[in-house]
Every structure is written in C-alpha cells, then in structure tokens.
Amino acid sequence: MKVGDRVCIKNSVVVYHHPQNRNQPFDVKDMEGEVVDIVKEWHGRPVSANLPILVQFDKKFKAHLREDEVELISSEV
C-alpha cells in the first residue's frame, strides 16, 4: 500500500471526529478514500505509529487507520 491508492474500510471502525457527526459515534465501515500519507517519521525521527495509514475520505474528513482495517481497491501506477 502506498500514497495515492484507493482503499475501502473493511472492518467496523468507530470515529468521533466525522464533520457531520461531531462528538457522536460514526462507523466508517465500507467508506472509500485515498491514502494521503503513511506515517513513518515525526520531525525527522522514525516512529512506530499504531495507526500509520492516513486516509482522506472527502475534503473535510481524514482518519488514521491500521493496515488490517483497510482494503486496497485500486493502486496508482
């Protein structure tokens, strides 16, 4: 998986920061988005993030996810 790939959320993942449901539980299962970053370092230092994949679903909504929560739909060549 790399930046630019289209992914779908395959497991039930509840977030509380969805723009239309702020502070309310919102399940992102089956939503599609694009990988915009894979967190491997912070301020130039390597990190082992527990939610390394940053997925952008729409203009106002992004979420950090684990590799086992996302499924590759299409890959940028």
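## The whole chain

With the entire protein selected, begin with its contacts (heavy atoms within 4.5 Å): of those with a separation of 6 or more, 50% are between residues 24 or more positions apart. This is a predicted model, in which local features need pLDDT of at least 70 and side-chain atom pairs count only at pLDDT 80 or more, whereas totals for chains, interfaces and linings use all residues. Residues are numbered from 1 along each chain as its sequence is written, and side-chain values use heavy atoms, with hydrogens and water left out.

Colour by secondary structure, and the protein shows zero helices and nine strands, where helices (H or I, at least four residues) and strands (E, at least two) are DSSP runs numbered from the N terminus. From the N terminus on, the elements therefore read β-β-β-β-β-β-β-β-β. The C-alpha trace spans about 35 × 30 × 25 Å along its principal axes.

## The five-stranded sheet

Next, select E8, E7, E4, E1 and E9, which in that order form an open sheet of five strands with antiparallel pairing; two strands pair if DSSP finds at least two bridges between them. At the edges are strand E8 (61-65) and strand E9 (70-74), each of which pairs on one side only. From one strand to the next the twist averages 40 degrees, the axes being lines fitted to C-alpha atoms and the angles running from 0 to 180 degrees between N-to-C directions.

## The E7–E8 hairpin

Move to strand E7 (residues 53-58), which runs antiparallel to E8 and is joined to it by five bridges. The two strands form a hairpin with two residues between them, and Ile-53 stands opposite Leu-65 in E8. Show the side chains of E8 to separate its faces: Phe-61, Ala-63 and Leu-65 make up the covered face, while Lys-62 and His-64 belong to the uncovered one.

Which residues form the aromatic pair that is stacked? A search of the whole structure finds one aromatic pair, and Phe-57 and Phe-61 form it, at 5.1 Å centre to centre and with 25 degrees between the planes. Rings of Phe, Tyr and Trp (its six-membered ring) pair if their centres lie within 6.5 Å, and planes under 30 degrees apart count as stacked, over 60 as edge-to-face and the rest as tilted. Phe-57 is buried, with a relative accessible area of 12%, and Phe-61 is buried at 0%.

Stay on strand E7 and select Gln-56, which is partly exposed at 21% relative accessibility. Its side chain reaches the backbone oxygen of Asp-58 at 2.7 Å, a polar contact (a pair of N or O atoms within 3.5 Å; within protein, one must be able to donate a hydrogen and the other to accept it, and residues adjacent in sequence count only if both atoms are side-chain atoms). Leaving aside neighbours within four places in sequence, Gln-56 is in contact with Gly-33, Glu-34, Val-36, Phe-61 and Lys-62.

## The loop between E8 and E9

Finally, select Glu-69 in the loop between E8 and E9. Is this residue buried or exposed? Glu-69 is buried, with a relative accessible area of 8%. A polar atom of the Glu-69 side chain lies 3.0 Å from the backbone nitrogen of Arg-66. Neighbours within four places in sequence set aside, the contacts of Glu-69 are Cys-8, Ile-9, Lys-10, Asn-11 and Val-13.

Note on methods:
Buried < 20%, exposed > 50% of the residue type's maximum accessible area, 1.4 Å probe, protein only.
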